[in-house]
Amino acid sequence: MIITDTHTHLYSEAFEDDRDAMIKRAIDAGITRFFIPAIDSQYTESMLQLEKSYPDNVFLMTGLHPTHVKDNYKEELQHVEDLLDKRSFYAIGEIGIDLYWDTSTLEIQKIAFKHQIQLAKQHGLPIVIHCRDAFDAVFEVLESEKGENLFGIFHCFTGSLEQAHKAISYNMKLGIGGVSTFKNGKIDQFLNKIDLNHLVLETDAPYLAPVPYRGKRNESLYIIKVIEKLSEIYGTSQKTIADITTQNSKVIFGI
């Protein structure tokens, strides 16, 4: 079976000492497709190097992460536009709104989010949404941009069943990762009410490691624990979970 990690920061400094070994562990376990979200311009070069090292396995996004929307956000958005003019990417992400760390930047976060959605539409690309403590604000922007050419992934979905249906109504797949294994994660209580065709798998490595690794560095190999949990929730085989979610990722990313 082919397993797809739709959201993993393989270029992170957390993997500096064992990056190749960590990626090999994942590939040996059948996790052969890694979609790499951007943060800001300082990571661009390391992302490009990663793609060069693993051309058959690594697929890059470009974008400005909401927690990195600062006073220089216009320059950062220009960097994203320049990259899109130079080469192809598989998504604009991760983008969105984060009100956990800083609420004072809400207005410029909204501007950056909306601008990048419009870039995605211009280039026929999906978006990958980061949403933390910001469902209302994210949905407000999505409502203003909704249409057939708006589609993508609601990364690290942690909302309610009602919010899940609302995200799906905007042509979003739900990114399901380690939170599904947490005792207080809550989404495990209603996921089986959502068709598997609406889900993709992710780790968000090095963050949000699943049980039994919670609190430790996450890595793409641990997506196996997410598959085990979803197999339990949906009462179906791990192969079925892997096959359906990989096919869903192909629908979104076009590869």
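Biologist: Hi! What makes rings of Phe, Tyr and Trp pair?
Modeller: Rings of Phe, Tyr and Trp (its six-membered ring) pair if their centres lie within 6.5 Å; planes under 30 degrees apart are stacked, over 60 edge-to-face, and the rest tilted.
Biologist: Nice. How many aromatic pairs are there in the whole structure?
Modeller: A search of the whole structure gives 13 aromatic pairs. One of them is Phe35 with Phe59, which is stacked at 4.9 Å centre to centre, with 25° between the planes.
Modeller: This is a predicted model, where local features need pLDDT of at least 70, side-chain atom pairs count only at pLDDT 80 or more, and totals for chains, interfaces and linings use all residues. Residues are numbered from 1 along each chain as its sequence is written, and side-chain values use heavy atoms, leaving out hydrogens and water.
Biologist: Good to know. Is Phe59 buried or exposed?
Modeller: Phe59 counts as buried, at 7% relative accessibility; Phe35 is buried too. Buried means under 20% relative accessible area, exposed over 50%, and partly exposed in between (1.4 Å probe, protein chains only).
Biologist: And how do Phe59 and Tyr90 pair up?
Modeller: Phe59 and Tyr90 are edge-to-face, 5.4 Å centre to centre with 90° between the planes. Tyr90 is partly exposed, with a relative accessible area of 23%.
Biologist: New topic: which residues form one aromatic cluster?
Modeller: Phe135, Phe139, Phe154, Phe157 and Tyr170 do.
Biologist: Last one! Where does the charged end of Arg132 sit?
Modeller: Over the ring of Tyr100, 3.5 Å from its centre. For that, NZ of Lys or CZ of Arg must be within 6 Å of the ring centre and within 35 degrees of the ring normal.
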